[in-house]
Amino acid sequence: MLVIARRLFFYLVTAAIAISLDFLIPRMIPGNPVDAILSKMQGVTITPATIHALDLQFGVNTSASLWGQYTHFWNNVLHGNLGVSTANAFEPVSTVIRQALPYTLGLVGVATLISFVLGTAIGAIVAWKRGSWLDNLLPVVTFFQAAPYFFLAFLAIDVFAVTLGWFPTARAANATDFPAFNWTYISDVLDHSLLPGLTIVVASAAGWIVGMRNVMLTTMDEDYVLIAAAKGLPKRRVIWYAARNAILPSVSGFALAIGFIVSGALLTEIVFSYPGLGSLLLQAVQNNDYELMQGLFLIITFAVLAANLIADFVYVFLDPRTRQEA
Amino acid sequence: MAVGIGTEQVTGGAPVPGAALLGTGSPRRRQRALRLPRSPKIIVGLAMLTFFVLLSVIGPLVAPYSPDQIFANSPVPLPPSSAHWLGTTNLQQDVFSQLLAGGSDMLLVSFIAGVIATALSVVIGVTAGYLGGLADDLLSMLANIFLVMPALPLLVILFGFLGKTGSNDLFLIGFIISVTGWAWGARVLRAQTLSLRNRDYVDSAKIIGERRSRIIFAEILPNLTPIVASSFLFTVLYAVGTYTAMAFLGLVNPNWSWGGILYYAQGANAELTGYWWWYIPPGLAVALLGTSLVLLNFGIDEFINPRLRAAGLSRRGGDRKRARALRSQQFALTPVLPVSRPPAAPLDTTAATAGNGGRA
């Protein structure tokens, strides 16, 4: 468990640095963010209270020291106060994000999990059958590894949703549906998440396939695999022995990959007009909604750190060596 | 883009039989250097990359029209015709001309980002790996923090606050992308330096009394060349994807880059209305440019770790029978070359995510 404790410490440090960056970036960059925000608030009555709140948020016209502002910022973050979203009628950023978060967690979480399991399995098989026709998969995989997620999303919508009409083209549910916990609504949500989910799976599985294949090729040369085969164990068992060991770098590589996958998945959400964090990100960019941007950066970072922690638990579960050490 | 998952595990987890031979200056070195371009992956990758570099350099010169030129006053994009090879946008601008004009900025930004990030990763990775101890712990932690933090929302706040000034400055864009993209290379280089540090030839150099700077620059760095090259290509690939994504979001000026064409196409719902000539060419161009970089990276990986090369036997000369025979006795293919395993990495905070954490 020492490993987990160390990782937990690392994630806490990372979270602290993310919060500090969130505080520092608006103050480091030249220009006055409050003026920029006020200039965007056309048609809204700006009260002195609003200006004062923004001044406090970004450290403009304030007598407080930078350190004082910094501790104030921490206090706000720890109380879940991430400011207000100018693009969403000055609703608190935390409320805006809370409405979108379940969609992204559901879609991206499930798609990432499926792509990891599927990609790793395919990678193991491709490595085991090296020299066979399966190697022809690799150029295709290479293409998917290099293509932007959102380009694949364009193609998926055009081909499968518009031309073939198999899937809905946008949003997370029919506009006429009322969110409720009944089968009509749930099946509708599932129906709408299928195509964006598949797009994310196809786009991100490529990396796992290549990663697993490469490690598996090395693992297959190990003596214990040779012995397993020499003992006359069934082929499936031998593959399992090799794959069980080859999967470890993939699990530990999860930390590296998840950032890319989340970024790509958020862009996919945008193309599908999926009401998750990706669409909020676009909204924030288009409306110069700075506090929403900052809030999204924090929440997405925390989510990625949490995913990493889960991957660490899986790693400790899979590799007994990490448990012995103490 | 889901890139870079595979490569680190290979270079991080496997010994590097080729690398030790590289710096020796013997005739083998020349032989190795000559063998590199023979891999079909490298040849195809290089050819494609050359094509895209040429395209982005001469593209703007040979483009039939200006990318901004408006031809008619109609909101309906026109399909490809002899006048407009790739059709027009909803503003009646020529897609082909936009495509030709869209490569240069992106390649320039990616190249700048690649150079800066590679320099950063060499300095930090080699320092961490060679010094070890507290310096290693701190630098590794820094690299891991940058790796774990998702780049896209960070770039959104950076460019959001930079505003218009940031969105047109190519050098600044390249620099900021490199800041979010150096950590991967630093990790791989650290892992490899760690394993080279304890090789016999480095020990002998120390015993002879060579200066530390000479050991690093003359003994260790040359043996890291393939990994430096691979991390450079990876960063360029990362920058291509990131720049495209930022233009697609409208974070950087979308006129004109391939991501920018997609930005306008998405704004006009090109995917819903079947204007395929508008969004497929730029998307395909990014994907193929990326593919060329991935192929080159694979080629280098196979050079570093020859075991990966065993795949593809069946394609050589149609000798399927030989391939099958080899496959049936694949266990006999275990190389008899004595390969030294890299020393077990200390299980510090980085070990759980290190590519070789479980294998050392």
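Good morning. Please keep in mind that this is a predicted model. I shall begin with the core. As a general background, nonpolar side chains in soluble globular proteins tend to be buried together.

In this model, the largest nonpolar core contains 187 residues. The residues with the most contacts inside that core are Met216(A), Leu296(A), Leu155(B) and Val156(B). In chain A, domain 1 (2-92) and domain 2 (93-323) each supply at least three residues to this core.

Let us look at Met216(A) itself. Which residues does Met216(A) contact, leaving aside its neighbours within four places in sequence? They are Gly123(A), Ala124(A), Ala127(A), Ala242(A), Ala243(A) and Ala246(A).

I turn now to the helices. Two packed helices are described by the angle between their axes and the distance between the axes.

In chain A, helix H5 (residues 93-128) packs against helix H8 (residues 183-219) at an angle of about 35°, and their axes are 6 Å apart. The crossing of H5(A) and H8(A) is right-handed. Their contact comprises 21 nonpolar, ten polar and one charged residues.

In chain B, the pair is helix H6 (residues 103-131) and helix H10 (residues 183-197), whose axes come within 7 Å and cross at roughly 35°. The crossing of H6(B) and H10(B) is also right-handed. On the H6(B) side, the contact residues include Ala117(B), Ser121(B) and Tyr130(B); on the H10(B) side, they include Leu189(B), Arg190(B) and Arg197(B). By class, the contact of H6(B) with H10(B) has nine nonpolar, six polar and three charged residues.

Thank you for your attention.

Notes. Residues numbered from 1 in each chain as written. Chains lettered and ligands numbered in written order. Predicted model: local features only at pLDDT ≥ 70, side-chain atom pairs only at ≥ 80, totals over all residues. Core = buried A, V, L, I, M, F, W, Y, C linked by C-beta atoms within 7 Å. Buried ≥ 20, exposed ≤ 12 C-beta atoms within 10 Å, placed from the backbone. Domains from an automatic or database assignment. Contact = placed C-beta atoms within 7 Å. Axes fitted to C-alpha atoms, helices over the stretch in contact; angles between N-to-C directions. Helix = DSSP H or I, 4+ residues; strand = E, 2+ residues; numbered from the N terminus. Left-handed = near helix turned anticlockwise from the far one by under 90°. Nonpolar A, V, L, I, M, F, W, Y, C, P; charged D, E, K, R; others polar.
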